[in-house]
Amino acid sequence: MSVMEMSHRSKVFDDIIKTAEAKLRSVMGIPENYKVLFLQGGATQQFAMIPMNFMQGGTADYVVTGTWSKKAYQEAQKFGEPKEAGNGLDRDEAYIPRQDELTLNPDADYVHICENNTIAGTKWDYTPDTNGVPLINDMSSCILSEPVDVSKYAMIYAGAQKNMAPAGLTVAIIRDDFLKEVPASVPTMLNYNIQVKGESMHNTPPCWPIYVLMEVLTWIEGKGGLEAMKKLNEEKAAVLYDYLAESTLFKTQVDLKSKSLMNVCFNTGDAELDAAFAKEAADKGMPNLKGHRSVGGLRASIYNAFPIEGVEALVEFMREFEAKHA
Ligand code: PMP
């Protein structure tokens, strides 16, 4: 019987979910005073759960640095009056606003950031000082790609499907003292306290992705943990960024001091040429290089599982394309 068939109340599955949590705590260095929750609904469901549970004073600060942080901000508007505390999309280049560009409200219930902007191709290169206001971090597209100091955050969350496991699992890591009693009107499954009380098994959890997460964490341990993953990811991204720095055809539209290691965005400045590149690359066995439909251009997503050989093959093809089109 496989993990997809057995009861989630069985001893075998109990060992799996406990091992997955213990390994996540050990690999990420999650302190004892944080709860780890295995939820469903994707990171998008967190966009609603967070204000429903934590925006009890009626306002929170959202830094809008990409498509997903914007969606989180818009969702929070259904539950109160969140404010935009900063923006990273209002210039030609995508960027991460500096500390002195943030307008932080000392009375906010929390500050929300998205560490790695999957579509814009930026990543926070510093942790904002919120002056004691709890900080929440959407790490969906960078979790497990490098070490993180969990103690800086009141909450971290991530959809599993980039670096953790197949879609269907969402991980939330919440500091004990940030958890709050919530109004009775909050639906059962959207109440963090009920999920904590049920130890992520108030109802049937996503057993298969939790099992795969356990295996992925064993793989990361074997690689040498998150320090080693960071080194690998930096090497991989450097192959692309170094080439982009010297290319006369391709450029990146990202402020390089906050460049993403997971999502490398670039373009030729000519939408037709970008499309021709994406098509030729796909013909060569390199599909999915078209930028997200909302921003255009080109994007190489090079998550933990993607090998450096693939990045090298891409750059080799970019050089050939450049030689033909320069
Ligand atoms: N946040 C970020 C940073 C993402 O990259 C994504 C998905 N690409 C989401 C949120 C939404 O995740 P989900 O599909 O799990 O709802």
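Visitor: How far apart are the end C-alpha atoms of residues 5-314, and how much of the span is helix and strand?

Guide: Helices (H or I, at least four residues) and strands (E, at least two) are DSSP runs, numbered from the N terminus. Here the end C-alpha atoms lie 40 Å apart. The span is 34% helix and 15% strand. UniProt, in an unreviewed entry, places "domain: Aminotransferase class V" at residues 5-314. Such annotations may be inferred rather than shown by experiment, and the positions follow the numbering used here.

This is a predicted model: local features need pLDDT of at least 70, side-chain atom pairs count only at pLDDT 80 or more, and totals for chains, interfaces and linings use all residues. Residues are numbered from 1 along each chain as its sequence is written.

Visitor: Which domains does the domain assignment give?

Guide: Domain bounds come from an automatic or database assignment. For this protein chain they are domain 1 (11-223) and domain 2 (225-325). Their centres, taken over C-alpha atoms, are 27 Å apart.

Visitor: How many residues of each domain are in contact?

Guide: Two residues are in contact if their C-beta atoms, placed from the backbone, lie within 7 Å. By that rule, 26 residues of domain 1 touch 25 residues of domain 2. On the domain 1 side, strand E5 (116-117), strand E6 (122-123) and helix H5 (207-223) each give two or more residues. H5 gives the most, with 3 residues.

Visitor: How do the axes of H6 and H8 cross?

Guide: Axes are lines fitted to C-alpha atoms, for helices over the stretch in contact, and angles run from 0 to 180 degrees between N-to-C directions. The axes of H6 (residues 225-246) and H8 (residues 308-325) come within 9 Å and cross at roughly 10 degrees. That makes H6 roughly parallel to H8 (angles under 35 degrees). Residues making the contact include Leu-240 of H6 and Val-315 of H8.

Visitor: Which residues are around the ligand?

Guide: A residue is near a molecule if its C-beta atom, placed from the backbone, lies within 6 Å of it. Around the ligand are Gly-42, Ala-43, Thr-44, Trp-68, Cys-114, Thr-118, Asp-138, Ser-140, Ser-141 and Gly-159. Helix H2 (residues 42-54) gives the largest share, 3 residues.

Technical notes. Angles under 35 degrees count as roughly parallel, over 145 as roughly antiparallel, 65 to 115 as roughly perpendicular and the rest as oblique.
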